[in-house]
Amino acid sequence: MKGYVPGEQPVAGAAEKFIKLNTNENPYQCSPKVKAAIGRVVQSGLQKYPDPLATAFRIRAAELLGVDPDWILCGNGSDDILTIVTRAFVGTSDMVRFANPSYLLYRTLAEIQGAACDIINYNADWSLPAEFGKPNDWIRLAFLANPNSPSGTMVPPSAVAELASTLPCPILVDEAYVDFADTNCLSLVAENDKIMVARTLSKSYALAGLRFGYLVAQPHVIRELRKVKDSYNCDALSIAGATAAIDDGQWLNETRGAIVATRERMTAALTELGFDAVPSQANFVWCPHASVPVEPIYQKLKQAGVLVRYMRYPDCGDGLRISVGTDEQVDACLALLKSMV
Ligand SMILES: *Cc1c(COP(=O)(O)O)cnc(C)c1O
C-alpha cells in the first residue's frame, strides 16, 4: 500500500518562514482558557493515566449537542475516530465506499483492513449520485466528508438521510469543517442508527496540535466501538484542553465569524483572478483554473513563502486548495497570485 501523505509541515525553524495555507489549520490562537486548563493539568502532575472515556469532555459536549454522554466517543483527533470505526466495521475482503474527490485517508484506512474501495465520483455540481446509496453484498462502511475537502461543498442533510436509508451499512459523516457551514447532520443520528457524525477540534477550535476529536452515534453503537479503541486514546492534556475549548462558545463565534468573512472576500478575489473558485462552507477554497496550469503556481507560491495545497484527483483534474488565513496572510497570497495569472 502507498500510505497517506499528510500536507507539508515545515519543521521548527523553517515554519516561521512560511505563510501556511496548506492544511486548513486555524490562523488564530486557541482560546486562552484552553491554555489555562492545560497548565492546571501540568501543575497537578502527569503520573496518573487519563480517564479512558474522557468523561469530563463528554458531559460538557453532551449538554451543548443535546444528547446524552453515552452517545459520544472521544478520540486522538478525528483521524483516530475514523480508524476506530473502520476497525470495528470493516474486515478483509469487505468494501468501503467514499466519494471522489475527497479526503484521501479513507482509502488508506480501507487498505489497512485489507478491504476494497468503492469510489463514487461527485456530480459536476458537487451533489452525489444516487449510486452512493446503492446496496451491494460487500460494502460495510461509507465515509462522507461534509463539508467535503477539497471542494468545501456540502450535501444537504436531507440528501444524506436519503442516501443512508438505502445503504446497507453504516455511514460516517465526517464533519471536520462543519462549524464553518450553515447546516449539519447531527439530528440525523437519532433518526437512524446507521448514521454517525465525526467532529474535530483541529480546525474550528484551532487545536490541530492538541489532537482531539469525537464521534456522535447511538449508545449501542458507541458501546461496540469502545471495545476496539486504544484504552487511553486521549491524554490528560487534550481532555482538559478540549473541554475548556468547547466551553468557550464566545471564542468560537468570534473566530468563526472572522474566518467566514475572510473566506467570502477571498473567494470573490480568486474568482476575479480567473480561478473557478468553488463557494465554500469550510475554512478553505478549492481553486481549479480552466486555462492556466496550477501546479507551477503552487511551486512559485512556495518559493515566495506561501504554502498552499496542490491536489490532483482521478476524473476531476487538479487545483489549489487554499486555507483561509488571517486577512494579512490571504492578502499576501492574493497579491502574489495577481502577478502569476
Ligand atoms: C482535518 C480532517 C480530519 C482530521 O482531523 P484531526 O482531528 O486533526 O485528525 C478529518 N477529516 C477531514 C475531512 C479533515 O479535513
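Predicted model: local features only at pLDDT ≥ 70, side-chain atom pairs only at ≥ 80, totals over all residues.
Turning to the side that domain 1 presents to domain 2, two elements each give two or more residues: helix 9, residues 249–272, and strand 9, residues 284–287. Helix 9 contributes the most, with six residues. By residue class, this side of domain 1 consists of 13 nonpolar, seven polar and five charged residues.

How many salt bridges are there between domain 1 and domain 2? The count is zero.

Domain 1 is made of two segments, 15–29 and 250–338, while domain 2 covers 32–247. In the contact, 25 residues come from domain 1 and 25 residues from domain 2. The C-alpha centres of the two domains are 25 Å apart.

The area buried between domain 1 and domain 2 comes to about 2,100 Å², and carbon and sulfur atoms give 59% of it. Which residues of domain 1 lose the most area to domain 2? They are Leu252, Gln281 and Tyr313, which together account for 30% of what that side buries.

I move on to the ligand. Its surroundings include Gly77, Ser78, Asp79, Tyr103, Ala176, Tyr177, Thr200 and Lys203. Asp174, Ser202 and Arg211 are also among the residues around the ligand, and I shall take these in turn.

For aspartate 174, a polar side-chain atom lies 2.6 Å from a nitrogen atom of the ligand. For serine 202, an N or O atom of the side chain is 2.6 Å from an oxygen atom of the ligand. For arginine 211, a polar side-chain atom is found 2.8 Å from an oxygen atom of the ligand.

Finally, I return to salt bridges, this time across the whole structure, where a search finds 13. One of the salt bridges joins aspartate 94 to arginine 140, with their closest N and O atoms 3.6 Å apart. What does this pair tie together? Aspartate 94 sits in the loop between helix 3 (78–89) and strand 3 (95–100), whereas arginine 140 belongs to strand 5 (residues 139–145), so the pair ties together parts that are 46 residues apart in sequence.

Notes
Residues numbered from 1 in each chain as written. Heavy atoms only, no water. Domains from an automatic or database assignment. Contact = heavy atoms within 4.5 Å. Buried area = accessible area lost by both parts, 1.4 Å probe. Salt bridge = Lys/Arg side-chain N within 4 Å of Asp/Glu carboxyl O. Helix = DSSP H or I, 4+ residues; strand = E, 2+ residues; numbered from the N terminus. Nonpolar A, V, L, I, M, F, W, Y, C, P; charged D, E, K, R; others polar. Near = heavy atom within 4 Å. Polar contact = N/O pair within 3.5 Å; in protein donor to acceptor, adjacent residues only side chain to side chain.
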